[in-house]
Amino acid sequence: MVVVVAGATGHVGLAAVYALVAQGAEVRALTRKSTSEAVAPLRELSKVQIVECNLSDGDASLATVFSDATAALLTCANFRGQVDAEKAFIDAAVAGGCPYLVKLATVQCYTAKDSPCEYARFHAEINEYCERVAGSMKVTTLCPNWFMTNHLADIFGTLPQSIIAYPVVSEAKATIVDPRDVGDVAAALLMTPDPSKYHGLTLDVAGPEPTSMAQLAALYADTLGRPVKHVMCPMEAWIAAGVQAGLPDWLAQAVSLNFGYWEAGELAFESSPEVLALAPPKRTMSEWIHEWAPRSPPASA
């Protein structure tokens, strides 16, 4: 099988590439800059062809990557211009005769063309466009929950102060998911011999257990061997910290809307039955914290 992967250096995309190669697939890994450090892991893999391609520029090379492809994965970071970029990929996949597309979206409960979350509006428009133009191409949409990697802001931001700071009450829970599990789900779908079984489905992908901010703080404390507490900060302070860390203001504003859904219990959903039957997410928040917390800078004096 030959699988095209857009966003191959991202958390989900890279995990999918690893899983695909392990299952014997050939991968065409699309990246905007083939010389970047993020591409280094791909260079170590056999059966991976690195293709420099910018979806946002209508890159002519996109027209050729689907030659003899059996499936494709579309996973992009959220950015302004995302709608046109993903539409270009979908158009090229359809024109190239790609039989099957797995695309990454976002949390279903706030995905709508009138959503208060800007990137959720992007995904709603892309989903609608794909449904309209896909023709004979089979399509499955994955809707992952809040990512564990979002907590890298704890690891390299607030943990040296022995706190985690979020605008959500300590006891509210979410089924936080490891992007590597999402990549594994995508790979399992892409390798299926009968994509028609999953055609037209929109599948939730969530972590194996609900976790609260209080539990996160306790896991950090256990791993680091010192007290760590959750501080319920104002929303404006969280947004400002996100912008200071490098998020564009519009994206920090959009991401912050997750906390209202988190507090309302709407991010404590389970994975769809099809996901649980095919490649159930297994990585826990405890495992993720034990992997990453030791990399946090030392505690402040």
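Trainee: Where is the place of Thr 75?
Mentor: Keep in mind that this is a predicted model. In it, Thr 75 sits in the loop between β4 (71–74) and α3 (82–95).

Trainee: OK, and is Thr 75 buried or exposed?
Mentor: Buried. Its relative accessible area is 7%, and the cut-off for buried is under 20%.

Trainee: So what does Thr 75 touch?
Mentor: Not counting residues up to four places away in sequence, Thr 75 touches Ala 6, Gly 7, Val 12, Gly 13 and Leu 104.

Trainee: Which helix has residues 11–22?
Mentor: That's α1, with 12 residues. From its first C-alpha to its last it reaches 17 Å, close to the expected 16 Å.

Trainee: How many residues of α1 are buried?
Mentor: 9 of the 12, so α1 is largely enclosed by the rest of the structure. Val 12 and Gly 13 are among the buried ones, and Thr 75 touches both of those.

Trainee: What comes just after α1?
Mentor: Gly 24, which takes a positive phi of about 95°.

Trainee: Switching topic: which residues have the most contacts inside the largest nonpolar core?
Mentor: Leu 30, Phe 66, Phe 89 and Trp 262, in a core of 69 residues. Apart from that core lies another, of 37 residues, including Val 5, Tyr 100, Leu 104 and Val 205.

Trainee: Back to Leu 30, what is it in contact with?
Mentor: Leaving aside neighbours within four places in sequence, the contacts of Leu 30 include Val 4, Val 5, Cys 53, Leu 62 and Phe 89.

Key:
Residues are numbered from 1 along each chain as its sequence is written. This is a predicted model: local features need pLDDT of at least 70, side-chain atom pairs count only at pLDDT 80 or more; totals for chains, interfaces and linings use all residues. Side-chain values use heavy atoms; hydrogens and water are left out. Helices (H or I, at least four residues) and strands (E, at least two) are DSSP runs, numbered from the N terminus. Buried means under 20% relative accessible area, exposed over 50%, partly exposed in between (1.4 Å probe, protein chains only). Contact means heavy atoms within 4.5 Å. A nonpolar core is a set of buried Ala, Val, Leu, Ile, Met, Phe, Trp, Tyr and Cys residues joined through side-chain atoms within 4.5 Å. The expected span of a helix is 1.5 Å times one less than its number of residues.
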